[in-house]
Amino acid sequence: MKILAIESSCDETAAAVVEDGRTILSSVVATQIEEHKLYGGVVPEIASRRHCESINGVVAEALERAQISFDGLDAVAVTYAPGLIGALLVGVNFAKGLSLATGLPLIPVHHLRSHIASNYLEHSRLKPPFLCLVVSGGHSHIVEVKDYTEMKIIGKTRDDAAGEAFDKAARTMGMSYPGGIHLDQAAESGDPLSFSLPRPKVDGSPYDFSFSGLKTAVINQIHNASQKGLTLPVNDLSASFRKAVVDCLMTNFIKAAEDFGYEQLVLAGGVSANSLLRKRIREECEKRRWHYFYPPLSLCGDNAAMVGAQGYYEYLAGHTASTDLNARPTMSIEYNPPCKTV
Ligand code: KG4
Ligand code: ZN
């Protein structure tokens, strides 16, 4: 089954053609990062406008690279939630138009579910059930993936997402948006024990996260130093901050795996590109003889191939939509979209 997939939830306009949820026939991503960098973060109105300008060309290129026409496709999948509403609406309306014009079934895909599915494109033997740490710019969840379309959140952040904390700390250190990757690179040559930072816990919720106190602690250290005319060593501060975030993520993730009896652990989302997080999951799982998976770096960030992968499993579960499908800025990963009765 060949699916044309579209993603426009934030600042990348992307389209891909994916076969049977596991094979990428083409994947095109047009990023807007350079423009949003000027403002230190994503400006929603600019994002929507750029999606409108790019989507036609990006979809055409995905079809061309896959050497396929609409006749060769079996369905259109699109990210419909969660994300920036104006940005999502561009992809959703484009996909609805295509579905209407071609008669192809329309498959709504949850953005975080698609991040999880990016792993299916790389690891042919990966199948649910497994426990997944989904860490992106807007979310930090520990999710039981009981089946391809059956998920249960067992832990989540009470305030900032891990990616958001990385980006804000990086910005205070003078790094450009999105700072997570720059902080990660700076940390490689720093001493993780040089600054003492907290590992915040959420009382009574051993699987939940809280990153805002940690973010504030590092920002305060930088501001206090600058008031005294001092500049802190960015590499050491980055390494200490990265270790603190990864300690919090891994402590809860491993505890959840032990408590819920999972021996197959998966990372997903933009922050799964973090080199320390990837190293730590390898070490922790090898020690326990557990299986572990993470996406290739090329599929950690937003892309449409992952939407095509998850779209395949949503289709098999009967989750197709009519042209009254709407975009949603928030939506739990647990929620299955209302199905069209076929
Ligand atoms: O999943 P994603 O591409 O977009 C959302 O759905 O939010 O995640 C983007 C987030 C950003 O906060 C970015 O800084 C972070 O992922 N990120 C990283 C790294 N690469 C991307 N954070 C830490 N280390 C990295 N290497
Ligand atoms: Zn994302």
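**Ligand and zinc sites in a predicted model**

The shell around ligand 1 holds five nonpolar, 11 polar and three charged residues. The structure described here is a predicted model. Within that shell of 19 residues, the nearest to ligand 1 are His 115, Gly 137, Asp 167, Asp 184 and Asn 274.

Asp 184 places a side-chain N or O atom 2.9 Å from a nitrogen atom of ligand 1. Asn 274 has a polar side-chain atom 2.9 Å from a nitrogen atom of the ligand. For Asp 302, a polar side-chain atom lies 3.4 Å from an oxygen atom of ligand 1. On its own, ligand 1 has 550 Å² of accessible area, and the protein covers 85% of this. At the level of domains, ligand 1 lies between domain 1 (2-117 + 300-316) and domain 2 (130-294), because both give residues to its shell.

Ligand 2 is a zinc ion, coordinated by NE2 of His 111, NE2 of His 115 and OD of Asp 302. Along the chain, the zinc donors follow the spacing H-x3-H-x186-D. His 111 lies in helix α4, whereas Asp 302 lies in the loop between β10 (291-293) and α10 (305-316). The pair therefore ties together parts that are 191 residues apart in sequence. In general, an α-helix has 3.6 residues a turn, so residues three or four places apart point the same way.

Helix α8 spans residues 234-260, a run of 27 residues. From first C-alpha to last, α8 reaches 39 Å, close to the 39 Å expected at 1.5 Å a residue. Gly 261 follows α8 and has a positive phi, near 75°.

Several loops carry backbone features of note. The peptide bond from Pro 128 to Pro 129 is cis, with omega near 5°. Pro 129 sits in the loop between α4 and β6 (130-135). A cis peptide bond also runs from Tyr 177 to Pro 178, with omega near -10°. Pro 178 belongs to the loop between α5 and α6. Asp 20 is not a glycine, yet its phi is positive, about 50°. This residue, Asp 20, lies in the loop between β2 (12-19) and β3 (23-31).

Key. Residues are numbered from 1 along each chain as its sequence is written. Chains are lettered from A and ligands numbered from 1 in the order in which they are written. This is a predicted model: local features need pLDDT of at least 70, side-chain atom pairs count only at pLDDT 80 or more; totals for chains, interfaces and linings use all residues. Side-chain values use heavy atoms; hydrogens and water are left out. A residue is near a molecule or strand if one of its heavy atoms lies within 4 Å of it. A polar contact is a pair of N or O atoms within 3.5 Å; within protein, one must be able to donate a hydrogen and the other to accept it, and residues adjacent in sequence count only if both atoms are side-chain atoms. Accessible areas come from the Shrake-Rupley method with a 1.4 Å probe; for residues, only the protein chains shown count as cover. Ala, Val, Leu, Ile, Met, Phe, Trp, Tyr, Cys and Pro count as nonpolar, Asp, Glu, Lys and Arg as charged, and the others, Gly among them, as polar. Domain bounds come from an automatic or database domain assignment. Helices (H or I, at least four residues) and strands (E, at least two) are DSSP runs, numbered from the N terminus. The expected span of a helix is 1.5 Å times one less than its number of residues. Donors are N, O and S atoms within 2.8 Å of the metal (3.2 Å for Na, K and Ca); water is not among the atoms, so sites may look incomplete.
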